[in-house]
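Welcome! Please take a look at the sequence and the 3D structure shown here, and keep them open as you read on.

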Amino acid sequence: MDEVATKIIDILKKHMKEPRDDIDTSTELTALEIESLDLAMIVFDIEDAFGVEIPYNANEDAGDFKTVGSVVDKVKALMADSGSDAASASA
Amino acid sequence: MAEQTKKRRVVVTGMGAVTPIGLNVEDFWQGLREARSGVSELGGFPLEDLKILIAAQIKDFDPKEHLRHFKRDKIIMHADRFSWFAAAAADQAVKQAGLEVPFVDPYRTACIVGSGAGGLVTFEKAYRDLFIEKKRATHPLTLLRIIGSSASAHVGIEFGVKGPTFATCSACATATHAIGTARDYIANGLVDVAIAGASESVINYGTMKAWQALHVLSPEGCFPFAKNRNGTVLGEGAGILVLEEYEHAKARGANILAELCGFGMTSDAQDMVNPDIEGPREAMKLALNDAEILPTDVQYLNAHGTATALNDKNETNAIKAVYGDHAYKLAISSTKSMHGHPLGAGGGIEAVACIKALEEGWVPPTAGLNEPDPECDLDYVPNVGRDLKVDFAMSNSFAFGGLNAVLVFGQPPA
């Protein structure tokens, strides 16, 4: 796994009540037992970590975010758009 | 007019307190017994240019210790401090009541937990982040932490309350309005059980500046009814009761701590800060009438007693207007002299003090009362509490804006 994926998985684990070690890009987000409030905090942390703004609306179907991999892809796309790179994502 | 149906009797079967002098009822009561002061040097945030440098802060509350065992521990851990206090106090109260949770009849249960101001500490942090730190966003849970009804929601979620759940908001009368309202809901048959009280945690730089600007804080301490009193001292905490319909409590063999037999509320409709005699007087009278007792039946009165120049004198005169000669025989104390002024939570914490006084036959003192104000000439139980058989105790809460609420507690029904 690349750095973006590793970082995103770390963020997900941080917000899980019982973090698991078997999470990879194919893991479905619904399998992580993330509570409603956690999602807002996960989005916030990912935005902070990668310096992007995720166009996520809690009122809409989060089709882009079915698996961990889809989140990773979305973040990479956003980073490419905004011209930032993973190297500067240490904040 | 049809004859009014007889109201159902309401009893107290559980209570919880989180205060600067004790994080549970037992320690709080021991603090009152020792006339311990919860006032200390202000801390926990940069004091910058503040001039008032004392408060009755809770400095030893570890949310993990008090809330880790919650079924929904993650949700409550992310909440504001005022919700933590409410949750901890409610947990104590529900445990003491011995009620099965989630409640057997959740729609016949209420959760009325008020707050005078909600999550002001979260609010200030969010605005500092935005305006000073220039952060791109507030913490994502900022809104949920701030809203004044979040404590009632958190408590309701944890204990599975599905009936009326909301917060009251009436400044320093918040808890008393919550308890009185819950009592009426039970008396009138809407619910059988209620978790009721209030919580407050607002001590931060902005709050201190706002109170300082109103010039009602003492730089030295909280000395109600004393000649040298020079203002109140901000406090924080929570006081929460479990109320129950009498037959409901009896049927399950609950240990009944007291009866909540009277509730009165009025508004001065006069001024935001200057209290009136009429409003408090009428609230006390209504509470006595509601309890169907005479002024002479009351032995202990837990005063609002904020130690501001205006309140203590006005409250003294209002008590005289209600009690006449008996005012001089009443044991009156302001426990704020020990736990400080926890604003909206005051009436909840003071309700606990009244119930303990009934239970133990001992009334708490007014600490720091060495020389009374000549205009405050009643028996305020100076400095040392005393043994006293209490049949009925009254608890006064008189808020900014002239919002008055009064409760009367009695011994458990025979």
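## Around helix 5 of chain B

Just after helix 5 of chain B, K134(B) takes a positive phi of about 55°. Helices here are DSSP runs of H or I with at least four residues, strands are runs of E with at least two, and both are numbered from the N terminus. Before going on, please note that this is a predicted model, in which local features need pLDDT of at least 70 and side-chain atom pairs count only at pLDDT 80 or more, while totals for chains, interfaces and linings use all residues. Residues are numbered from 1 along each chain as its sequence is written, and chains are lettered from A and ligands numbered from 1 in the order in which they are written.

How far apart are the end C-alpha atoms of helix 5 of chain B? They are 17 Å apart, which agrees with the 18 Å that the 13 residues of this helix (residues 120–132) should span at 1.5 Å a residue. The expected span is 1.5 Å times one less than the number of residues.

Within helix 5 of chain B, the residues L120(B), V121(B), T122(B) and F123(B) are buried. A residue is buried if 20 or more other C-beta atoms, placed from the backbone, lie within 10 Å of its own; it is exposed if there are 12 or fewer, and partly exposed in between. The buried residues of helix 5 pack against helix 4 (81–97), helix 6 (142–146) and helix 9 (205–214) of chain B.

## Two domains in chain B

Chain B is divided into domain 1 (10–251) and domain 2 (263–410), with bounds that come from an automatic or database domain assignment. Their contact takes 62 residues from domain 1 and 54 residues from domain 2. Two residues are in contact if their C-beta atoms, placed from the backbone, lie within 7 Å.

Which element gives the most to the side of domain 1 of chain B that touches domain 2 of chain B? Helix 8 of chain B does, with 8 residues. By class, this side of domain 1 has 32 nonpolar, 22 polar and 8 charged residues. Ala, Val, Leu, Ile, Met, Phe, Trp, Tyr, Cys and Pro count as nonpolar, Asp, Glu, Lys and Arg as charged, and the others, Gly among them, as polar.

Chain A has 3 helices and 0 strands. Buried residues make up 15% of its 91 residues.

Where the chains meet, 6 residues of chain B are in contact with 6 residues of chain A. The side of chain B that touches chain A has 4 nonpolar, 1 polar and 1 charged residues.
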